[in-house]
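Visitor: Hi, I have a new structure to look at. Can you walk me through it?

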Amino acid sequence: MKKYIGMICLSVLLSTSAVAESCAGGSGTVVTGLDGTRYCQSNTNMNWWSAFAWCDAIGGQLIDITTECIKTTGTTGCPNLTETGSALVWTQNVPSAIYAYFVYLSSGAVTTSNRDSSITALCVGF
């Protein structure tokens with residue numbers, strides 16, 4: 001009997017796959033910054049205005065590069081989010097009426113894109 005129960009437990013362990021933690025009722029995935037801050041990343045791409053509204057709808061806000069990214073004196077870009085994924089994510093920061101900043105999660109680089117571009121949302125405080 002013990003052998004049978006052990007085989008069942010082993011098969012359950014082997015068949016269980018790791019599942020990413022979700023947020024926003026399953027329409028987002030939790031991303032953890034290097035400092036332990038939790039963010040909700042949308043599972044779909046959207047323009048900047050939709051990303052802003054999506055974060056608001058889940059009780060959060062798009063990340064602010066002045067508080068979420070430059071957390072270490074002397075650094076540039078977004079070291080807190082470096083290597084936390086491979087997507088591009090919108091920020092709430094806008095240098096003009098046409099452009100907004102976004103972050104490359106793979107490198108932490110921050111650059112701009114037309115706000116009509118299709119990029120994922122990254123929310124804090126959700």
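Guide: Let's go from the whole chain down to single residues.

Guide: This is a predicted model, where local features need pLDDT of at least 70, side-chain atom pairs count only at pLDDT 80 or more, and totals for chains, interfaces and linings use all residues. Residues are numbered from 1 along each chain as its sequence is written, and side-chain values use heavy atoms, with hydrogens and water left out.

Visitor: OK. How many helices and strands are there?
Guide: The chain has three helices and eight strands. Helices (H or I, at least four residues) and strands (E, at least two) are DSSP runs, numbered from the N terminus. The elements run α-β-β-β-α-β-α-β-β-β-β from that end.

Visitor: Which strands form the open sheet, and in what order?
Guide: Five strands do, in the order 1-2-3-8-4, with antiparallel pairing. Two strands pair if DSSP finds at least two bridges between them.

Visitor: What stands at the edges?
Guide: Strand 1 (22-23) and strand 4 (61-62). Each has a single partner strand, so one side of each is left without a neighbour in the sheet.

Visitor: How many bridges join strand 4 to strand 8?
Guide: Two, and these strands run antiparallel. Strand 8 covers residues 122-124. Q61 stands opposite V124 there.

Visitor: New topic. How much of the chain is buried?
Guide: Buried residues make up 34% of the 126 residues. Buried means under 20% relative accessible area, exposed over 50%, partly exposed in between (1.4 Å probe, protein chains only).

Visitor: What about R115, where is that?
Guide: R115 is in the loop between strand 7 (110-114) and strand 8. R115 is buried yet has no salt bridge. That would take a side-chain nitrogen of Lys or Arg within 4 Å of a carboxyl oxygen of Asp or Glu. The nearest side chain of opposite charge, D116, is 7.9 Å away. Lys and Arg count as positive, Asp and Glu as negative; His and the chain ends are not counted.

Visitor: What is R115 in contact with?
Guide: Leaving aside neighbours within four places in sequence, its contacts include W48, W49, W90 and Y99. Contact means heavy atoms within 4.5 Å.

Visitor: And how many aromatic pairs are there?
Guide: Three. The W48 and F52 rings have centres 5.3 Å apart and planes at 40°, so the pair is tilted. Rings of Phe, Tyr and Trp (its six-membered ring) pair if their centres lie within 6.5 Å; planes under 30 degrees apart count as stacked, over 60 as edge-to-face and the rest as tilted. Ring pairs link W48, W49 and F52 into a cluster.
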